[in-house]
Amino acid sequence: MKKNDNLKKKRNNGSSLIEKIKKMEEETRIRENNELNALSKTTLNKRLVFTIIFFLILFMGLALYMVYFQLFQSKDIRNHSHNRRLWVDEGKVKRGSIYDRNGKIIAYSDYDDNGIQYRVYNYGRASSSITGYSSKTYGKTGIEKTYNKELLALHEDDLSNFRKMVISEDTGFDLHLTMDQNIQNILYSYMKNVKGAGVIMNPKTGEVLALVSNPGFDPNTLDQDWDLLIQNTDGPLVNRATSGAYRPGSTFKIVTSTGILESGMDTSYNDTGVETIQGYEIRNFADQSFGMINLRSAFINSVNTYFAKKTDELGKSRFEKLAEANMINQDYPFDLEKIKSTIPFDDLNQVDLAMTGFGYGKSQISPLHMAMITSTIANEGKMMQPRLVSKVVDEDGKVIKESREKVLSEVTSAENANIIRDMMVAVVNEGTGTNAYLDNIQVAGKTGTADKESGLLDAWFVGFAPAYDPKLAIALVIEDSQDTGGVSAAPLARNILSDIYMNVNLN
């Protein structure tokens with residue numbers, strides 16, 4: 001009996017041990033589950049926090065963009081020429097007219113039989129480089145674009161925009177240009193048969209008197225001609241006068257001569273026909289050599305080796321300051337869209353710099369800018385700000401806005417400018433620019449030629465007249481020429497200047 005009790009006791013103890021083990025396992029399981037749940041909650045909380053932060057960042061980014069858009073972008077978008085809402089508003093406004101300096105109407109608005117407004121350009125192709133076009137389908141360019149707000153009599157204030165919403169018919173402001181349509185017609189008549197650009201300025205005031213880019217287009221038939229225009233590989237919609245980037249060739253020796261005179265360096269040089277810089281041989285046109293020369297003879301005969309050597313002696317730092325004084329790599333206001341003329345000094349090695357001195361290398365300059373540089377010499381060293389719009393006038397004749405003469409840069413002294421002027425006179429009288437010579441008017445000028453990968457040339461002539469009382473400054477470039485600037489561009493400039501002085505009253 002006792003034995004059975006012991007056995008029973010052992011069984012009970014064994015049973016309780018198993019129960020204890022089960023209980024311990026259960027407790028472990030519960031503890032692990034609790035820990036897992038706690039971990040899951042922590043992970044969930046972290047993910048939730050991350051998600052909240054992520055969406056908060058997105059929201060803040062959107063909010064900041066909206067603020068940026070309202071402060072900096074909304075104006076440009078609102079006034080963009082392809083903004084369709086503008087065309088809805090324009091139906092309520094008779095677009096202002098555009099006049100030349102003598103009161104000739106260049107562009108105006110009329111209405112068809114359905115009462116729909118359309119634009120009329122009285123001088124079509126001849127003035128399209130200045131007027132640009134205004135198309136409901138293709139937007140705006142030229143003065144039509146840059147002065148769109150004025151032509152619609154729009155202001156930046158909300159009251160003006162509200163006024164346009166409530167008034168069914170209104171009239172835009174008129175533009176009066178510095179351009180002389182007589183001079184514009186003459187320039188176009190000579191440029192229409194060549195590919196290139198020309199700019200004529202009053203060097204003393206900065207007024208642009210004529211500006212032509214060819215090939216061009218007729219803004220009266222732009223919508224019908226569009227497909228042909230955009231397929232034309234010669235780029236008739238590009239304004240070469242303001243947005244064409246060219247190597248200036250030897251016309252740039254005007255700038256380099258300014259630096260040589262400013263530096264006070266020895267201007268003598270023994271030309272052997274070759275100048276070796278950084279192991280690279282620089283030669284003169286047609287392998288000419290001139291022996292012992294100075295700045296004057298080097299300029300008259302357009303000696304590349306001379307200007308390469310003197311530019312190397314000037315050094316990059318001084319030459320960069322010289323370029324900046326001539327507004328290269330600088331921005332400046334103008335009434336048409338334009339490129340910024342550039343010389344990438346950070347990318348120039350020693351030989352690149354030397355070649356820049358005679359207009360080769362990596363220089364990129366527009367005809368407008370070369371007209372400004374030429375005008376600087378004509379204006380005793382002062383570069384005037386170029387301007388094309390003289391004034392903005394409302395329908396009652398009140399002047400809303402008027403441009404003023406402004407010196408853009410004091411490039412050099414009157415003494416140095418007059419030295420270069422005299423050298424430019426000698427270029428036309430006895431040097432590379434004799435094809436620009438006129439019997440009755442003394443022309444000052446400089447030729448330039450830049451070769452291209454195609455084997456053809458960009459031929460330049462820049463100058464002013466009369467040399468000692470300048471009223472006109474001119475810059476011409478002929479693309480893809482087979483002859484030098486002295487052969488192709490200089491006689492064109494001569495004919496243009498002669499025609500203007502014979503047929504236009506410049507007083």
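Modeller: This is a predicted model. Start with Phe 358: its relative accessibility is 4%, so Phe 358 counts as buried.

Biologist: Is Tyr 360 buried or exposed?

Modeller: Buried means under 20% relative accessible area. Tyr 360 has 16%, so Tyr 360 counts as buried.

Biologist: How many aromatic pairs does the structure hold?

Modeller: There are 9 aromatic pairs. Take Phe 358 and Tyr 360: the ring centres are 5.5 Å apart and the planes meet at 40 degrees, so this pair is tilted. One aromatic cluster is formed by Tyr 133, Tyr 138, Phe 217 and Trp 226.

Biologist: Which charged residues lie over rings?

Modeller: Lys 338 lies over the face of Tyr 332, 4.3 Å from the ring centre. Lys 446 has its charged end over the ring of Phe 299, at 5.6 Å from the centre.

Biologist: Which residues touch the most other members of the largest nonpolar core?

Modeller: Ile 143 and Tyr 306 do, in a core of 80 residues. Another core, of 30 residues, lies apart from it; Leu 187 and Leu 476 are among them. Beyond four places in sequence, Tyr 306 is in contact with residues including Ile 260, Tyr 269 and Leu 295.

Biologist: And how do I read a sheet?

Modeller: Strands of a sheet pair through backbone hydrogen bonds, parallel or antiparallel. Here, an open sheet of 6 strands runs β4-β3-β2-β8-β16-β17, with mixed pairing. Its edge strands are β4 (117–121) and β17 (399–402). Strands β8 and β16 run antiparallel, joined by 4 bridges. Asp 174 stands opposite Val 393 in β16.

Terms used
Residues are numbered from 1 along each chain as its sequence is written. This is a predicted model: local features need pLDDT of at least 70, side-chain atom pairs count only at pLDDT 80 or more; totals for chains, interfaces and linings use all residues. Side-chain values use heavy atoms; hydrogens and water are left out. Two strands pair if DSSP finds at least two bridges between them. Helices (H or I, at least four residues) and strands (E, at least two) are DSSP runs, numbered from the N terminus. A nonpolar core is a set of buried Ala, Val, Leu, Ile, Met, Phe, Trp, Tyr and Cys residues joined through side-chain atoms within 4.5 Å. Buried means under 20% relative accessible area, exposed over 50%, partly exposed in between (1.4 Å probe, protein chains only). Contact means heavy atoms within 4.5 Å. Rings of Phe, Tyr and Trp (its six-membered ring) pair if their centres lie within 6.5 Å; planes under 30 degrees apart count as stacked, over 60 as edge-to-face and the rest as tilted. A charge sits over a ring if NZ of Lys or CZ of Arg is within 6 Å of the ring centre and within 35 degrees of the ring normal.
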